[in-house]
Amino acid sequence: MRGVRWRRIASQVGRSIAVWAVSTVTMLALAAVLPDFQLQSADGDSATRIAVAAACGAGAFGILSAVVWPLLVRLLLLVPAFFLGLLVFFLNGSLLLLALRINPSGRGDAAPETAVIVAAVMSAVASATGAALVVRDDEAYRRRLQRLATRGRRAHPPCPTAPGLVCVQLDGVGHDVLTEAVRKGLMPTVGRWLAAGGGPPAAGPGLPSHRLTPWRTDWSSQTGASQLGILHGSTFDVPAFRWYEKDRGEVMVCNRPTSAAELQRRAMLHTGDGGLLAVDGASRGNLFSGGAGEQALVLSIATRRRGRANRSRAGYFAYFSDPANAVRTALSFVAEVAREIGESTRARLRGQRPRVGRGGLYPLVRAFATVVERDVVVAAVMGDMLAGRTVVYADLVAYDEVAHHSGPCGRDAEKVLRRLDRSLALLERVAEHAPRPYRIVVLSDHGQSPGETFRARYGLTLGDLVRAGSGLPVPRRAERTRSGTEARAAVRAALRRPVEEKGAHHGQARRPEPIVLASGNLGLISFPDVPHRMTKEEIDVRHPALLTTLANHPGIGFLLVRSAAHGGVVLGAHGAEIPLADLDDEPGPLARFGPGAADAVRRTHSFPHTADIMVNSAHDPADGEVLAFEEQIGSHGGLGGAQSRPFLLSPSELSAPVADGAELTGAEDVHRVLRRWLRELNGPQVPLGTDVPEERAA
């Protein structure tokens, strides 16, 4: 035992010396090519003195990076996390200047801007060298991963035999997009898992083969509803991504921290259960906690005071406390910003259609989603696996953000899929070093449907159309509709700025004009001065032309309104009016929207906060296109096309999600499947509460 320990110490010392030597050579090379970086006195020095100065400087920089950097990052948790990556270069350069100042040789100087460059290069080289030396030593590799990732402090050791469950949500990746990406070779890890699906139980080292199962969302095909259903078992009363609640006089927005906290509270009250992750679970990068004790970058707790009950931003410290991580992510962030500017410029010069604006802060938002959040969340999941946590659920929003602005099948989106696949491959490798076996489940919360915006095709927004049908003045120039994606919410949470809707604040004075909100290709119209949900008959009296104007517009697929005579009716073009009791998927206004549309509409009608008028855009089944009421060319939130068809990729060692010939319908069904798998893996010690009956709750 003592011999093993001494060999381990000798190996660590050898690696440290090797990294120090490479860093010294790197510093010498940089001093040779950078005019403002000097390792010798003004009178000149011998080669030996210069080498000693470089060795001392590299050693001092390495020690400062190992000791001082984590303390700096912990202090910077008081700073909005979004700026943490932007401060990396400045802090790393400052450490280098300090290292040169305390250099025992008394030599070495650099201009501040040059110090930033030198520090970045040296951190990257040291990280690459250390990784190359460590990767051949399994035990050292495992310890390195533990340092790179956040680890919960375990009060008791995990069970080493019962497998854990890791669920990775690829936000917005539809079933058809995934299968096409596998066919093109964009996702070789997923392709390998699927190719082994009919083979032996183990496909690759320690990881069983997988099966791919599509599932169908509710009418509200968006992360707020789906993830709430998956993690907390209820999508009840979530009619859209954003909606107006008359009883509270407030607009609910799923990616607003206060709204997310309220939705989570309601779901827990509705189900009487703490959530999927309540027992030894971790929630990473999600809108909701799932009842997890370990949380990082979780939106529903982002507005709480920082303390034991709110560790949401701890994931940033765990990741950025390693200076090599910080530099690598910062460099990737800058590269991603440049990539987005170049790609958007190319699309504009080529006259690409459809196209939406991608200027302003969007390049930063995209880089945050595709680089910073991805890196931090994946590192957190790695730490959870190495800590042996029982169940982990993580959301990677990169594809969803890019597909909104570049299209779900565009070249930009395909590049993101490649990088997501590499993240899955990394988690697969980490599983080999975890203290317990893991079953990796990959799933999505919704897909995305392509198509130009409603505003681009018709020159007016849904709000303009509502105003015209209501006899109100219409602006001469249509205003853009805000696009509230998950990545923007994550950035605002990192900045500690709430998401507010223009003109829709809590306690606002009620006004006679209708409130028109957009959730992808789903529109919601509410009359705030009427305390109840208005009926068709009341709307016709108040605005005789409104419903006819909307239903007959070529960009509108169908409407849902309450009816005094029939309870609820679906309205379509040319006077089509079908009571919900008689509603079927075909024929009628819902014929183009596929199977399950009628049931989804009926269920939404039963929600207490369904809008006075629910509007679904038109849909072309031939090309799968819809018309988003937001500024998005890849959208989700309503019915029509691939947005309602996400996927569930599960190891074959777990039971089949559904019986042969059956369909997985709704996020609540997915929640029940994940509950069942936890029962299979961990037995009765995981309290599952009272199972929801197979018939879906209203």
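## Before we start

An axis here is a line fitted to C-alpha atoms, for helices over the stretch in contact, and angles run from 0 to 180 degrees between N-to-C directions. Helices (H or I, at least four residues) and strands (E, at least two) are DSSP runs, numbered from the N terminus.

This is a predicted model, so local features need pLDDT of at least 70 and side-chain atom pairs count only at pLDDT 80 or more, while totals for chains, interfaces and linings use all residues. Residues are numbered from 1 along each chain as its sequence is written, and side-chain values use heavy atoms, with hydrogens and water left out.

## Two helices side by side

Find helix α12 (residues 362-386) and helix α14 (residues 411-431): their axes come within 10 Å and cross at roughly 15 degrees. That makes α12 and α14 roughly parallel to each other (angles under 35 degrees count as roughly parallel, over 145 as roughly antiparallel, 65 to 115 as roughly perpendicular and the rest as oblique). The crossing of α12 and α14 is right-handed, a label used if the near helix is turned clockwise from the far one by less than a right angle, and left-handed if anticlockwise.

Who touches whom? Counting contact as heavy atoms within 4.5 Å, the α12 side includes R366, T370 and R374, and the α14 side includes D412, V416 and R419.

## The sheet

Next, look for an open sheet of eight strands, in the order β8-β7-β9-β3-β10-β21-β4-β22, with mixed pairing. Two strands pair if DSSP finds at least two bridges between them. At the edges stand β8 (294-296) and β22 (664-665), each with a single partner strand, so one side of each has no neighbour in the sheet.

Strand β3 (residues 164-170) and strand β9 (residues 391-396) pair in the parallel sense over six bridges, and V168 stands opposite A394 in β9. Helix α6 (residues 175-183) packs on the sheet and touches β4 and β21; its direction makes about 150 degrees with that of β4. Helix α8 packs on the sheet too, touching β3, β4, β9 and β10.

## Strand β21

Is strand β21 buried or exposed? Five of the five residues of β21 (residues 647-651) are buried, so the strand is largely enclosed by the rest of the structure. Buried means under 20% relative accessible area, exposed over 50%, and partly exposed in between (1.4 Å probe, protein chains only).

In a regular strand the side chains alternate between the two faces of the sheet. Here F647, L649 and P651 point one way from β21, and L648 and S650 the other way. Strand β4 (residues 210-216) pairs with β21 in the antiparallel sense over five bridges, with L649 as the bridge partner of L212. Strand β10 (residues 438-443) also runs antiparallel to β21, joined by two bridges, and there L443 partners L648.

## Rings that meet

Rings of Phe, Tyr and Trp (its six-membered ring) pair if their centres lie within 6.5 Å; planes under 30 degrees apart count as stacked, over 60 as edge-to-face and the rest as tilted. The count comes to five aromatic pairs. One of them is F236 with F607, edge-to-face at 5.5 Å centre to centre and 80 degrees between the planes. F236 and F607 sit in loops 371 residues apart. F236 is partly exposed at 26% relative accessibility, whereas F607 is buried at 5%.

F558 and F593 also pair edge-to-face, at 5.2 Å and 85 degrees. F558 lies in strand β14 (residues 556-563) and F593 in a loop, so the pair ties together parts 35 residues apart in sequence. Ring pairs link W219, F558 and F593 into a cluster.
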